[in-house]
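Biologist: Can you put the model up and walk me through it?
Modeller: Here it is.

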Amino acid sequence: MPGASSWSFSEDDSRRIDGILNGFLGDASARTALIVDRAGQLVATVGEPVQFDPTAFASLTAADFSANDQLARMLGEPEFGALFHQGERESMYLADIARRVILVVLFDNSTTLGLVKLRVRNAVTQLNTVFTDMFSRADQDAASPKVETGFLGDAEDEIDRLFGA
Amino acid sequence: MSMINYASREINCKLVYYGPGLGGKTTNLEFVYNKVAPGARGKMISLATETERTLFFDFLPVDLGTIRGFKVKFHLYTVPGQVYYNASRKLILKGVDGVVFVGDSQLERMEANIEAMQNLYDNMTQHGYDLTKIPFVVQYNKRDLPNASPIEELQGALNPGWPVEEPVRQRLLADVDHPGEYLVWQQDGQWIERAPYFEAVAATGEGVFDTLKSISKSVVKTLG
């Protein structure tokens with residue numbers, strides 16, 4: 001692989017993921033679920049709208065998870081499959097999906113960590129299947145163009161406009 | 001790893017500023033943050049020490065707007081330059097779409113530049129990426145200082161070029177930013193390619209946007 005391969009996310013994928021996450025949020029009484037890729041990009045948000053900057057949140061989540069991944073290796077563990085950050089009112093639970101993306105669950109005192117952990121297992125299994133399918137498809141489609149003709153010229157014009165001609 | 005989200009019609013690209021400590025990576029991002037239209041940028045996040053040295057990374061999202069139905073976003077990251085932060089430096093390269101190497105032009109920083117460039121190649125290789133195959137730009141910062149090395153010396157040490165093996169790419173390619181110079185050329189019967197380079201004074205903003213324009217255009221080309 002010469003560089004980092006790109007991957008895509010279709011409306012169909014989005015519907016499947018939303019379905020899984022909505023079911024999970026209901027079962028676990030959690031507030032919001034986010035999917036973030038390992039490079040720090042937000043892929044999906046389901047549940048209550050968040051009150052923070054989701055882009056910044058996604059980059060920090062990926063960094064957090066990656067740093068903990070390295071800590072796991074130092075301890076001789078292949079990975080920490082999940083992380084938990086506890087606050088007074090708000091807490092977050094992070095779980096690895098297919099080694100490529102991270103599921104982030106935000107929940108408050110109206111549920112318990114035990115219930116979130118119990119219900120998340122099923123969601124993780126289902127999401128693993130969806131993302132494994134998506135990434136194997138992305139590897140097959142790697143050679144095909146991803147945007148329509150004319151996109152490149154328009155993007156270059158926009159770069160000149162925003163960053164100064 | 002640019003991500004195209006057909007559901008939310010978004011394309012996100014990750015650009016990483018790499019280089020020796022105190023070379024001006026964070027200063028590049030700060031200048032972009034201060035000069036780009038407020039509506040086009042998000043919150044800048046800096047994970048720094050108390051003495052304002054980058055500990056983990058700086059992060060700045062820049063929104064290019066909607067192009068042919070897609071919202072295009074660049075996520076700009078810096079890495080910590082100090083040698084002992086290699087573990088965090090390597091993490092930030094995960095999923096990178098384009099790299100800017102910010103070199104420090106000062107004569108006495110030559111060694112640190114070479115070490116950082118070698119470290120960049122090593123970390124990219126460990127991720128399975130090939131720096132000669134992805135968008136890559138070199139910026140020589142601090143050109144205003146009296147002890148700045150001549151560009152030819154910096155180019156010779158940090159950006160001498162790599163052999164071009166694919167026959168289709170073995171043709172003369174002019175460097176549009178430096179008349180009379182080439183990005184692909186033939187030398188002793190071997191085709192050589194090197195990364196585009198820019199001179200900069202990041203503290204005043206000189207060269208900052210030229211660098212960013214070059215790397216973002218190269219990254220956009222990989223989407224087509």
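Modeller: One term before we start: a nonpolar core is a set of buried Ala, Val, Leu, Ile, Met, Phe, Trp, Tyr and Cys residues joined through C-beta atoms within 7 Å. Also, this is a predicted model.

Biologist: How many residues has the largest nonpolar core, and which have the most contacts inside it?
Modeller: The largest nonpolar core has 101 residues. Those with the most contacts inside it are A:Val36, A:Leu103, A:Val104, A:Val105 and B:Val16.

Biologist: Take A:Val104. What does it touch?
Modeller: Leaving out residues up to four places away in sequence, A:Val104 touches A:Ala33, A:Leu34, A:Val36, A:Thr61, A:Met92 and A:Leu94.

Biologist: Step back to chain A. How many helices and strands?
Modeller: Chain A has 4 helices and 6 strands. From the N terminus, the elements run β-α-β-β-α-β-β-β-α-α.

Biologist: And what does the C-alpha trace of chain A span?
Modeller: About 50 × 35 × 35 Å along its principal axes. Chain A has 165 residues, and 36% of them count as buried. Among contacts between residues at least 6 apart in sequence, 55% join residues at least 24 apart.

Biologist: Helix 1 and helix 3 of chain A next. At what angle do they pack?
Modeller: Helix 1 (residues 11–28) and helix 3 (residues 113–140) of chain A pack at about 175°, and their axes are 9 Å apart. Helix 1 of chain A is therefore roughly antiparallel to helix 3 of chain A.

Biologist: Which residues meet there?
Modeller: From helix 1 of chain A, A:Asp13, A:Arg16, A:Ile17, A:Ile20, A:Leu21, A:Phe24, A:Asp27 and A:Ala28. From helix 3 of chain A, A:Leu115, A:Val116, A:Arg119, A:Val120, A:Ala123, A:Gln126, A:Leu127, A:Val130 and A:Met134. By class, this contact has 12 nonpolar, 1 polar and 4 charged residues.

Biologist: Is A:Ala28 buried or exposed?
Modeller: A:Ala28, which is in helix 1 of chain A, has 22 other C-beta atoms within 10 Å, so A:Ala28 is buried. The cut-off for buried is 20 or more.

Biologist: What is A:Ala28 in contact with?
Modeller: Setting aside neighbours within four places in sequence, A:Ala28 is in contact with A:Thr111, A:Leu115, A:Val116, A:Arg119 and A:Val120. A:Ala28 and A:Val120 are 92 residues apart along the chain, and their C-alpha atoms are separated by 7.8 Å.

Biologist: New topic, the two chains. How many residues are in contact?
Modeller: 44 residues of chain A are in contact with 45 residues of chain B. Strand 1 (7–9), helix 1, helix 2 (54–74) and helix 4 of chain A each supply at least two residues of the side of chain A that touches chain B.

Biologist: Which gives the most to that side?
Modeller: Helix 4 of chain A, with 10 residues. The side of chain A that touches chain B divides into 19 nonpolar, 14 polar and 11 charged residues.

Biologist: How do helix 4 of chain A and helix 5 of chain B cross?
Modeller: The axes of helix 4 (residues 151–163) of chain A and helix 5 (residues 208–221) of chain B come within 10 Å and cross at roughly 165°. The two helices are therefore roughly antiparallel to each other. Helix 4 of chain A passes helix 5 of chain B in a right-handed crossing.

Biologist: And which residues make the contact?
Modeller: Among them are A:Leu152, A:Ile159 and A:Phe163 of helix 4 of chain A, and B:Phe209, B:Leu212 and B:Val220 of helix 5 of chain B. The residues of this contact divide into 7 nonpolar, 1 polar and 5 charged.

Notes. Residues numbered from 1 in each chain as written. Chains lettered and ligands numbered in written order. Predicted model: local features only at pLDDT ≥ 70, side-chain atom pairs only at ≥ 80, totals over all residues. Buried ≥ 20, exposed ≤ 12 C-beta atoms within 10 Å, placed from the backbone. Contact = placed C-beta atoms within 7 Å. Axes fitted to C-alpha atoms, helices over the stretch in contact; angles between N-to-C directions. Parallel < 35°, antiparallel > 145°, perpendicular 65-115°, else oblique. Left-handed = near helix turned anticlockwise from the far one by under 90°. Nonpolar A, V, L, I, M, F, W, Y, C, P; charged D, E, K, R; others polar.
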